[in-house]
Amino acid sequence: MNTVGTPLLWGSFAVIVLIMLAIDLLMQGRRGEQTMSLKQAAFWSIVWISVSLLFSAGLWWYLKGTAGPEIAHTQTLAFLTGYVLEKALAVDNVFVWLMLFSYFSVPTSLQRRVLIYGVLGAIVLRTVMIFAGSWLVSEFSWILYIFGAFLLFTGVKMAKGGGHDGDPGDKPVVRWLRNHLRMTENLEGEKFFVRRNGLLFATPLLLVLIMVELSDVIFAVDSIPAIFAVTTDPFIVLTSNLFAILGLRAMYFLLANVAERFSMLKYGLAIVLVFIGIKMLIVDLYHIPVAVSLGTVGGILAVTLLINAWVNHRRDRQMSQR
(Lines give C-alpha, C1' and ligand atoms only; values in the text may rest on other atoms or scores of the structure.)
Protein backbone atom coordinates (compact mmCIF):
# COMPACT_ATOMS: atom_id res chain seq x y z
CA MET A 1 0.00 0.00 0.00
CA ASN A 2 1.50 3.32 -1.11
CA THR A 3 1.48 5.88 1.66
CA VAL A 4 3.17 9.08 2.76
CA GLY A 5 3.12 7.75 6.30
CA THR A 6 6.64 7.33 7.65
CA PRO A 7 7.50 5.85 11.07
CA LEU A 8 7.88 9.44 12.35
CA LEU A 9 4.43 10.46 11.06
CA TRP A 10 2.75 7.32 12.38
CA GLY A 11 4.45 7.70 15.73
CA SER A 12 3.58 11.40 16.01
CA PHE A 13 -0.06 10.68 15.16
CA ALA A 14 -0.24 7.86 17.75
CA VAL A 15 1.25 10.10 20.45
CA ILE A 16 -1.18 12.94 19.69
CA VAL A 17 -4.17 10.59 19.77
CA LEU A 18 -3.09 8.97 23.04
CA ILE A 19 -2.47 12.34 24.71
CA MET A 20 -5.81 13.77 23.58
CA LEU A 21 -7.66 10.59 24.57
CA ALA A 22 -6.05 10.72 28.00
CA ILE A 23 -7.11 14.35 28.43
CA ASP A 24 -10.63 13.66 27.18
CA LEU A 25 -11.21 10.47 29.15
CA LEU A 26 -9.40 11.32 32.37
CA MET A 27 -10.41 14.96 32.74
CA GLN A 28 -13.84 14.86 31.11
CA GLY A 29 -14.60 11.32 32.26
CA ARG A 30 -14.36 12.14 35.98
CA ARG A 31 -17.52 14.18 36.27
CA GLY A 32 -19.47 11.83 38.49
CA GLU A 33 -23.14 12.36 37.85
CA GLN A 34 -22.54 15.60 35.96
CA THR A 35 -22.55 15.96 32.21
CA MET A 36 -20.87 18.24 29.72
CA SER A 37 -22.49 21.67 29.52
CA LEU A 38 -23.10 23.51 26.25
CA LYS A 39 -20.23 25.90 27.00
CA GLN A 40 -17.84 23.04 27.76
CA ALA A 41 -18.96 21.14 24.66
CA ALA A 42 -18.29 24.22 22.50
CA PHE A 43 -14.85 24.67 24.10
CA TRP A 44 -13.83 21.04 23.54
CA SER A 45 -15.18 21.08 19.99
CA ILE A 46 -12.94 24.07 19.26
CA VAL A 47 -10.01 22.25 20.91
CA TRP A 48 -10.50 19.14 18.74
CA ILE A 49 -10.83 21.17 15.55
CA SER A 50 -7.74 23.23 16.45
CA VAL A 51 -5.67 20.10 17.10
CA SER A 52 -6.77 18.67 13.74
CA LEU A 53 -5.81 21.88 11.92
CA LEU A 54 -2.44 22.00 13.71
CA PHE A 55 -1.82 18.41 12.66
CA SER A 56 -2.62 19.27 9.04
CA ALA A 57 -0.19 22.21 9.23
CA GLY A 58 2.50 19.95 10.69
CA LEU A 59 1.80 17.35 8.00
CA TRP A 60 2.19 19.99 5.26
CA TRP A 61 5.45 21.27 6.77
CA TYR A 62 6.91 17.76 7.07
CA LEU A 63 5.90 16.66 3.57
CA LYS A 64 7.12 19.91 2.05
CA GLY A 65 10.59 19.25 3.42
CA THR A 66 10.71 15.53 2.62
CA ALA A 67 8.59 15.02 -0.50
CA GLY A 68 8.22 18.48 -2.06
CA PRO A 69 5.53 21.18 -2.08
CA GLU A 70 3.29 19.49 -4.66
CA ILE A 71 2.83 16.32 -2.59
CA ALA A 72 2.52 18.41 0.58
CA HIS A 73 -0.31 20.48 -0.93
CA THR A 74 -2.14 17.45 -2.36
CA GLN A 75 -1.95 15.29 0.75
CA THR A 76 -2.83 18.10 3.15
CA LEU A 77 -5.87 18.99 1.05
CA ALA A 78 -6.82 15.30 1.02
CA PHE A 79 -6.58 15.22 4.82
CA LEU A 80 -8.75 18.34 5.19
CA THR A 81 -11.31 17.03 2.69
CA GLY A 82 -11.55 13.68 4.47
CA TYR A 83 -11.82 15.44 7.82
CA VAL A 84 -14.63 17.75 6.71
CA LEU A 85 -16.43 14.86 5.01
CA GLU A 86 -16.23 12.61 8.07
CA LYS A 87 -17.17 15.45 10.44
CA ALA A 88 -20.27 16.23 8.39
CA LEU A 89 -21.37 12.60 8.13
CA ALA A 90 -20.78 12.18 11.87
CA VAL A 91 -23.55 14.69 12.58
CA ASP A 92 -26.10 12.17 11.29
CA ASN A 93 -24.55 9.60 13.62
CA VAL A 94 -25.04 11.98 16.55
CA PHE A 95 -28.73 12.33 15.71
CA VAL A 96 -29.10 8.54 15.85
CA TRP A 97 -27.47 8.54 19.29
CA LEU A 98 -29.98 11.14 20.42
CA MET A 99 -32.82 8.94 19.20
CA LEU A 100 -31.39 5.90 21.03
CA PHE A 101 -30.93 7.76 24.32
CA SER A 102 -34.43 9.19 24.05
CA TYR A 103 -36.08 5.84 23.28
CA PHE A 104 -34.34 4.01 26.14
CA SER A 105 -34.87 6.98 28.50
CA VAL A 106 -31.18 7.31 29.33
CA PRO A 107 -30.66 10.49 31.41
CA THR A 108 -27.84 12.85 30.41
CA SER A 109 -25.89 11.89 33.55
CA LEU A 110 -25.58 8.31 32.24
CA GLN A 111 -24.95 9.13 28.57
CA ARG A 112 -21.36 10.13 29.32
CA ARG A 113 -20.11 6.59 29.97
CA VAL A 114 -21.86 5.13 26.94
CA LEU A 115 -20.28 7.80 24.72
CA ILE A 116 -16.81 7.17 26.16
CA TYR A 117 -16.97 3.47 25.31
CA GLY A 118 -18.73 4.26 22.05
CA VAL A 119 -15.91 6.52 20.85
CA LEU A 120 -13.21 4.05 21.94
CA GLY A 121 -15.02 1.25 20.10
CA ALA A 122 -15.36 3.45 17.02
CA ILE A 123 -11.60 4.13 16.99
CA VAL A 124 -10.77 0.42 17.02
CA LEU A 125 -13.47 -0.41 14.48
CA ARG A 126 -12.50 2.35 12.05
CA THR A 127 -8.82 1.44 12.25
CA VAL A 128 -9.53 -2.18 11.33
CA MET A 129 -11.97 -1.23 8.55
CA ILE A 130 -9.62 1.36 7.03
CA PHE A 131 -6.63 -0.99 6.85
CA ALA A 132 -8.87 -3.71 5.43
CA GLY A 133 -10.29 -1.26 2.90
CA SER A 134 -6.81 -0.02 1.94
CA TRP A 135 -5.70 -3.60 1.32
CA LEU A 136 -8.77 -4.32 -0.80
CA VAL A 137 -8.26 -1.17 -2.88
CA SER A 138 -4.57 -1.94 -3.42
CA GLU A 139 -5.32 -5.54 -4.46
CA PHE A 140 -8.60 -4.97 -6.35
CA SER A 141 -8.77 -1.41 -7.72
CA TRP A 142 -12.16 -2.11 -9.31
CA ILE A 143 -13.70 -2.19 -5.83
CA LEU A 144 -13.74 1.63 -5.96
CA TYR A 145 -16.58 1.33 -8.49
CA ILE A 146 -18.56 -0.73 -5.98
CA PHE A 147 -17.89 1.91 -3.33
CA GLY A 148 -19.05 4.62 -5.73
CA ALA A 149 -22.26 2.81 -6.67
CA PHE A 150 -23.00 2.14 -3.00
CA LEU A 151 -22.52 5.81 -2.06
CA LEU A 152 -24.70 6.92 -4.95
CA PHE A 153 -27.45 4.53 -3.83
CA THR A 154 -27.09 5.62 -0.19
CA GLY A 155 -27.27 9.31 -1.12
CA VAL A 156 -30.43 8.85 -3.18
CA LYS A 157 -32.01 6.76 -0.40
CA MET A 158 -31.14 9.41 2.21
CA ALA A 159 -32.63 12.18 0.04
CA LYS A 160 -35.87 10.21 -0.24
CA GLY A 161 -36.09 9.96 3.54
CA GLY A 162 -34.92 6.39 3.98
CA GLY A 163 -32.13 5.21 6.19
CA HIS A 164 -32.10 5.27 9.98
CA ASP A 165 -35.65 6.23 10.87
CA GLY A 166 -38.00 4.03 12.86
CA ASP A 167 -38.48 2.78 16.37
CA PRO A 168 -35.20 1.35 17.80
CA GLY A 169 -37.19 -1.16 19.83
CA ASP A 170 -38.48 -2.76 16.61
CA LYS A 171 -34.98 -3.48 15.28
CA PRO A 172 -34.30 -7.23 14.94
CA VAL A 173 -31.02 -6.95 16.87
CA VAL A 174 -32.79 -5.33 19.83
CA ARG A 175 -35.46 -8.04 19.92
CA TRP A 176 -32.79 -10.76 19.65
CA LEU A 177 -30.70 -9.31 22.50
CA ARG A 178 -33.74 -8.93 24.74
CA ASN A 179 -34.72 -12.54 24.07
CA HIS A 180 -31.25 -13.99 24.66
CA LEU A 181 -29.91 -11.90 27.56
CA ARG A 182 -31.05 -11.82 31.16
CA MET A 183 -31.85 -8.14 31.44
CA THR A 184 -33.10 -5.89 34.21
CA GLU A 185 -36.23 -3.86 33.62
CA ASN A 186 -34.64 -0.57 34.70
CA LEU A 187 -31.29 1.17 34.48
CA GLU A 188 -28.85 0.48 37.30
CA GLY A 189 -26.87 3.72 37.30
CA GLU A 190 -23.77 3.53 35.06
CA LYS A 191 -23.56 -0.26 35.38
CA PHE A 192 -23.70 -2.46 32.30
CA PHE A 193 -24.07 -5.62 34.41
CA VAL A 194 -25.47 -6.36 37.88
CA ARG A 195 -25.53 -9.57 39.91
CA ARG A 196 -28.77 -10.72 41.54
CA ASN A 197 -29.16 -13.93 43.54
CA GLY A 198 -25.86 -15.15 42.09
CA LEU A 199 -26.95 -14.56 38.49
CA LEU A 200 -25.44 -11.97 36.17
CA PHE A 201 -27.95 -9.61 34.51
CA ALA A 202 -27.34 -7.11 31.72
CA THR A 203 -28.88 -3.67 32.12
CA PRO A 204 -30.64 -1.63 29.41
CA LEU A 205 -27.51 0.58 29.34
CA LEU A 206 -25.56 -2.35 27.81
CA LEU A 207 -28.23 -2.62 25.13
CA VAL A 208 -27.83 1.09 24.38
CA LEU A 209 -24.04 0.72 24.13
CA ILE A 210 -24.39 -2.19 21.69
CA MET A 211 -26.78 -0.12 19.55
CA VAL A 212 -24.39 2.85 19.63
CA GLU A 213 -21.55 0.63 18.41
CA LEU A 214 -23.73 -0.93 15.72
CA SER A 215 -24.81 2.51 14.53
CA ASP A 216 -21.15 3.40 14.06
CA VAL A 217 -20.66 0.27 11.97
CA ILE A 218 -23.51 1.42 9.73
CA PHE A 219 -22.13 4.93 9.37
CA ALA A 220 -18.57 3.66 8.84
CA VAL A 221 -19.83 1.72 5.82
CA ASP A 222 -20.87 5.10 4.36
CA SER A 223 -18.04 7.35 5.48
CA ILE A 224 -14.96 5.19 4.91
CA PRO A 225 -15.69 4.49 1.20
CA ALA A 226 -16.39 8.22 0.82
CA ILE A 227 -12.88 9.10 2.02
CA PHE A 228 -11.38 6.52 -0.34
CA ALA A 229 -12.86 8.66 -3.12
CA VAL A 230 -10.56 11.46 -1.97
CA THR A 231 -7.41 9.40 -1.38
CA THR A 232 -6.42 5.75 -1.05
CA ASP A 233 -3.44 6.55 1.18
CA PRO A 234 -4.14 4.64 4.44
CA PHE A 235 -2.29 7.23 6.54
CA ILE A 236 -4.42 10.12 5.26
CA VAL A 237 -7.63 8.09 5.42
CA LEU A 238 -7.00 6.93 9.00
CA THR A 239 -5.79 10.25 10.41
CA SER A 240 -8.60 12.32 8.90
CA ASN A 241 -11.18 9.77 10.03
CA LEU A 242 -9.94 9.39 13.59
CA PHE A 243 -9.43 13.11 14.18
CA ALA A 244 -13.08 13.63 13.21
CA ILE A 245 -14.22 10.78 15.50
CA LEU A 246 -12.23 11.93 18.52
CA GLY A 247 -14.40 15.01 18.86
CA LEU A 248 -17.70 13.15 18.56
CA ARG A 249 -18.52 13.20 22.27
CA ALA A 250 -18.18 16.98 22.48
CA MET A 251 -20.17 17.32 19.25
CA TYR A 252 -22.96 15.21 20.74
CA PHE A 253 -23.41 17.47 23.77
CA LEU A 254 -23.09 20.54 21.53
CA LEU A 255 -25.94 19.38 19.28
CA ALA A 256 -28.05 17.57 21.88
CA ASN A 257 -30.42 20.48 22.47
CA VAL A 258 -30.57 21.82 18.92
CA ALA A 259 -30.92 18.66 16.81
CA GLU A 260 -34.35 19.69 15.56
CA ARG A 261 -32.77 22.87 14.13
CA PHE A 262 -30.89 20.83 11.50
CA SER A 263 -33.83 19.33 9.64
CA MET A 264 -32.31 20.05 6.21
CA LEU A 265 -28.88 18.58 6.93
CA LYS A 266 -29.72 15.09 5.71
CA TYR A 267 -30.46 16.49 2.24
CA GLY A 268 -27.09 18.23 2.13
CA LEU A 269 -25.36 15.04 3.24
CA ALA A 270 -27.28 13.11 0.59
CA ILE A 271 -25.99 15.47 -2.11
CA VAL A 272 -22.44 15.08 -0.76
CA LEU A 273 -22.70 11.28 -0.95
CA VAL A 274 -24.09 11.44 -4.49
CA PHE A 275 -21.23 13.75 -5.54
CA ILE A 276 -18.61 11.46 -3.99
CA GLY A 277 -20.25 8.40 -5.57
CA ILE A 278 -20.19 10.01 -9.02
CA LYS A 279 -16.57 11.07 -8.48
CA MET A 280 -15.61 7.43 -7.87
CA LEU A 281 -17.61 6.10 -10.81
CA ILE A 282 -16.02 8.50 -13.34
CA VAL A 283 -12.48 8.31 -11.96
CA ASP A 284 -11.15 6.70 -15.17
CA LEU A 285 -12.91 9.26 -17.37
CA TYR A 286 -12.14 12.40 -15.39
CA HIS A 287 -10.19 12.90 -12.19
CA ILE A 288 -11.76 15.59 -10.03
CA PRO A 289 -8.92 17.42 -8.20
CA VAL A 290 -8.84 17.18 -4.41
CA ALA A 291 -9.13 20.97 -4.08
CA VAL A 292 -12.32 20.89 -6.17
CA SER A 293 -13.71 18.08 -4.00
CA LEU A 294 -12.99 20.04 -0.83
CA GLY A 295 -14.59 23.18 -2.27
CA THR A 296 -17.63 21.25 -3.49
CA VAL A 297 -18.21 19.46 -0.18
CA GLY A 298 -17.70 22.66 1.79
CA GLY A 299 -19.98 24.60 -0.57
CA ILE A 300 -22.77 22.02 -0.34
CA LEU A 301 -22.63 22.05 3.45
CA ALA A 302 -22.51 25.86 3.60
CA VAL A 303 -25.55 26.22 1.30
CA THR A 304 -27.38 23.56 3.32
CA LEU A 305 -26.77 25.44 6.56
CA LEU A 306 -27.96 28.70 4.97
CA ILE A 307 -31.15 27.04 3.75
CA ASN A 308 -31.57 25.48 7.19
CA ALA A 309 -31.23 28.90 8.82
CA TRP A 310 -33.88 30.31 6.48
CA VAL A 311 -36.24 27.39 7.20
CA ASN A 312 -35.75 27.84 10.96
CA HIS A 313 -36.35 31.58 10.71
CA ARG A 314 -39.53 31.05 8.75
CA ARG A 315 -40.74 28.38 11.18
CA ASP A 316 -39.99 30.59 14.20
CA ARG A 317 -41.87 33.51 12.65
CA GLN A 318 -44.88 31.33 11.95
CA MET A 319 -44.84 30.04 15.55
CA SER A 320 -44.66 33.59 16.94
CA GLN A 321 -47.68 34.66 14.85
CA ARG A 322 -49.90 31.91 16.27
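Guide: The protein chain has 11 helices and two strands, where helices (H or I, at least four residues) and strands (E, at least two) are DSSP runs numbered from the N terminus. Read from the N terminus on, the elements follow the order α-α-α-α-α-α-β-β-α-α-α-α-α. This is a predicted model, in which local features need pLDDT of at least 70 and side-chain atom pairs count only at pLDDT 80 or more, while totals for chains, interfaces and linings use all residues. Residues are numbered from 1 along each chain as its sequence is written, and side-chain values use heavy atoms, with hydrogens and water left out.

The overall dimensions come next. Taken along the principal axes, the C-alpha atoms of the protein chain fill a box of roughly 65 × 55 × 40 Å. The radius of gyration of the protein chain is 21 Å, which agrees with the value near 20 Å that a compact globule of 322 residues would have; this radius is taken over C-alpha atoms, and the globule rule is 2.2 Å times the number of residues to the power 0.38. Of the 322 residues in the protein chain, 47% are buried. Here buried means under 20% relative accessible area, exposed means over 50%, and partly exposed lies in between (1.4 Å probe, protein chains only). Among the contacts in the protein chain with a separation of 6 or more, 80% are between residues 24 or more positions apart, a contact being heavy atoms within 4.5 Å.

We may now turn to the rings themselves. A pair of aromatic rings is described by the distance of the centres and the angle of the planes. Rings of Phe, Tyr and Trp (its six-membered ring) pair if their centres lie within 6.5 Å; planes under 30 degrees apart count as stacked, over 60 as edge-to-face and the rest as tilted. The structure holds 16 aromatic pairs. One of them is formed by Phe 79 and Phe 243, which are edge-to-face, with 6.1 Å from centre to centre and 85 degrees between the planes. This pair links distant parts of the chain, for Phe 79 belongs to helix H3 and Phe 243 to helix H8, 164 residues apart. Phe 79 counts as buried because its relative accessibility is 0%, and Phe 243 counts as buried because its relative accessibility is 0%.

A second pair is formed by Trp 97 and Tyr 252, and it is tilted, with 6.4 Å from centre to centre and 50 degrees between the planes. It too links distant parts of the chain: Trp 97 lies in helix H3 and Tyr 252 in helix H9 (residues 248–255), 155 residues apart. With a relative accessibility of 2%, Trp 97 counts as buried, and Tyr 252 is buried with a relative accessible area of 1%. Seven of the eight residues of H9 are buried, so H9 is largely enclosed by the rest of the structure. These buried residues are Leu 248, Arg 249, Ala 250, Met 251, Tyr 252, Phe 253 and Leu 255.

The rings also form a group. Trp 10, Phe 13, Phe 55, Phe 79, Tyr 83, Phe 131, Phe 235 and Phe 243 make up one aromatic cluster. Helix H8 (residues 234–246) also contains Asn 241, which is buried because its relative accessible area is 0%. Not counting residues up to four places away in sequence, Asn 241 touches Glu 86, Arg 126, Ile 130, Ser 223, Ile 224 and Ile 227. Ala 132, in helix H4, is partly exposed, with a relative accessible area of 38%. Ala 132 and Pro 234 are 102 residues apart in sequence, and their C-alpha atoms are 9.7 Å apart in space.

Ser 105 stands in the loop between helix H3 (69–103) and helix H4 (108–139), and it is exposed because its relative accessibility is 56%. Although Ser 105 is not a glycine, it has a positive phi of about 55 degrees. Asn 197 lies in the loop between strand E1 (193–196) and strand E2 (199–202), and is exposed, with a relative accessible area of 83%. Its phi is near 55 degrees, a positive value in a residue other than glycine.
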